[in-house]
Amino acid sequence: MSTLNPKTYSPVAAHRVAFLGLGVMGAPMAGHLARAGHQVTVYNRTAAKARAWAQEFGGAHAATPREAVQGASIVFCCVGNDEDLRSVVLGDDGALAGMAPGAVLVDHTTASADVARELYAAARGRGLHFIDAPVSGGQAGAQNGALTVMCGGDQDAFDTAAPVAAAFSRAFTRMGDSGAGQLTKMVNQICIAGLVQALSEAIAFGQKAGLDIPAVLDVIGKGAAQSWQMDNRGKTMAAGQFEFGFAVDWMRKDLGLVLDEAARNGARLPVTALVDQFYADVQQMGGRRWDTSSLIARLR
Ligand SMILES: NC(=O)c1ccc[n+]([C@@H]2O[C@H](COP(=O)([O-])OP(=O)(O)OC[C@H]3O[C@@H](n4cnc5c(N)ncnc54)[C@H](OP(=O)(O)O)[C@@H]3O)[C@@H](O)[C@H]2O)c1
């Protein structure tokens, strides 16, 4: 697996923790917790990944979320969507059924604000705590232990989790009550959707105009047009390389969450709704697992 890049860990008391969901993001995040000295037990639906993780990082693995969380003061989770999240948190074998009184569940899945509030209420009903904590920074951020994490929930529970989560984050910030983390992540995704379409149009235009695109990006990347997407994706977009990064399927899931929330709160998102449909085109072109920068592919 060997997914981690070196990181210096601040000294913090060792905690017994659990991590549920060892995907592209979860596996390296859990790895940083183990490297920081915490006692980590992992659960993954596909058990072979949990066994491989435990072999690499020296932690324990369990057959169900309920078993994995036994005795943990903090339980971290990172699965795909709302339904996946309910399936590892609720029910007889779910995390809430096994957590010790007062323990905190920190969920890093990008999910709806509604499911965050639902699970917050379910946790509080059992004397437990729930923090919604979606992340930004992608696979590289997880591997480097440098994620930006936006949280919603109670201050005390946040304060318990923050020093431990520092193992895989460069910023871990409470944005407000339950759901505020997911709403902040939606703002993040709205920013990215419009920006990637603009960058796609700019590069496609520059190519039609016969410009040397890497040179153009180097120059305008030092001015007002600079962005993370330009710095990290501009050259691969120009070269038509998309087999890496943050999958279009995940972006469509996120934009679906955004558009549902906007339908409720009355926000007008004309560009975001359009870009969502452009991503549907990319899916039709066979790009479901391509990076989100593949919007440019439909302009060729
Ligand atoms: N990848 C990124 O760059 C990135 C960046 C920011 C945010 N995110 C968000 O982070 C979350 C995870 O992304 P990822 O890239 O790590 O996804 P991933 O590689 O597809 O991993 C998903 C994980 O969830 C587990 N899972 C899915 N459905 C489940 C279910 N019903 N019951 C139990 N476990 C289930 C999977 O288990 P199996 O191994 O058994 O399939 C796997 O461990 C998503 O919400 C995504 O939007 C991702």
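This is a predicted model: local features need pLDDT of at least 70, side-chain atom pairs count only at pLDDT 80 or more; totals for chains, interfaces and linings use all residues.

Reader: OK, how many residues surround the ligand, and which are the closest?

Author: There are 24 of them around the ligand, and the closest are Asn44, Thr46, Lys49, Gly80 and Lys253.

Reader: Which side chain has an N or O atom 2.8 Å from an oxygen atom of the ligand?

Author: That's Lys253. Backbone atoms take part too: a polar one of Met25 sits 2.9 Å from a ligand oxygen, and a polar one of Val79 is 3.2 Å from a ligand oxygen.

Reader: And how much of the ligand's accessible area does the protein cover?

Author: 88% of the 910 Å² that the ligand has on its own.

Reader: Which elements give two or more residues to the shell?

Author: Helix H4 (82-89), helix H7 (138-144) and helix H12 (248-265). H4 gives the most, with three residues.

Reader: Let's switch to H12. How far does it reach from its first C-alpha to its last?

Author: H12 reaches 25 Å with its 18 residues, close to the 26 Å expected at 1.5 Å a residue.

Reader: Which of its residues are buried?

Author: Val248, Met251, Asp254, Leu255, Leu257, Val258, Glu261 and Ala262.

Reader: What do those pack against?

Author: The buried residues of H12 pack against H4, helix H6 (113-125), helix H9 (180-208) and helix H13 (270-284).

Reader: What follows H12?

Author: Gly266 does, and its phi is positive, near 85°.

Reader: Back to Asn44. Where does it lie?

Author: Asn44 is in the loop between strand E2 (39-43) and helix H2 (47-57).

Reader: Buried or exposed?

Author: Asn44 counts as buried because its relative accessible area is 10%, and the cut-off for buried is under 20%.

Reader: What does its side chain reach at 3.0 Å?

Author: The backbone oxygen of Thr46. A polar atom of the Asn44 side chain also lies 2.8 Å from the backbone nitrogen of Leu22.

Reader: Which residues does Asn44 touch, leaving out those up to four places away in sequence?

Author: Gly21, Leu22, Gly23, Lys49 and Ala50. Lys49 is also among the residues closest to the ligand.

Notes:
Residues are numbered from 1 along each chain as its sequence is written. Side-chain values use heavy atoms; hydrogens and water are left out. A residue is near a molecule or strand if one of its heavy atoms lies within 4 Å of it. A polar contact is a pair of N or O atoms within 3.5 Å; within protein, one must be able to donate a hydrogen and the other to accept it, and residues adjacent in sequence count only if both atoms are side-chain atoms. Accessible areas come from the Shrake-Rupley method with a 1.4 Å probe; for residues, only the protein chains shown count as cover. Helices (H or I, at least four residues) and strands (E, at least two) are DSSP runs, numbered from the N terminus. The expected span of a helix is 1.5 Å times one less than its number of residues. Buried means under 20% relative accessible area, exposed over 50%, partly exposed in between (1.4 Å probe, protein chains only). Contact means heavy atoms within 4.5 Å.
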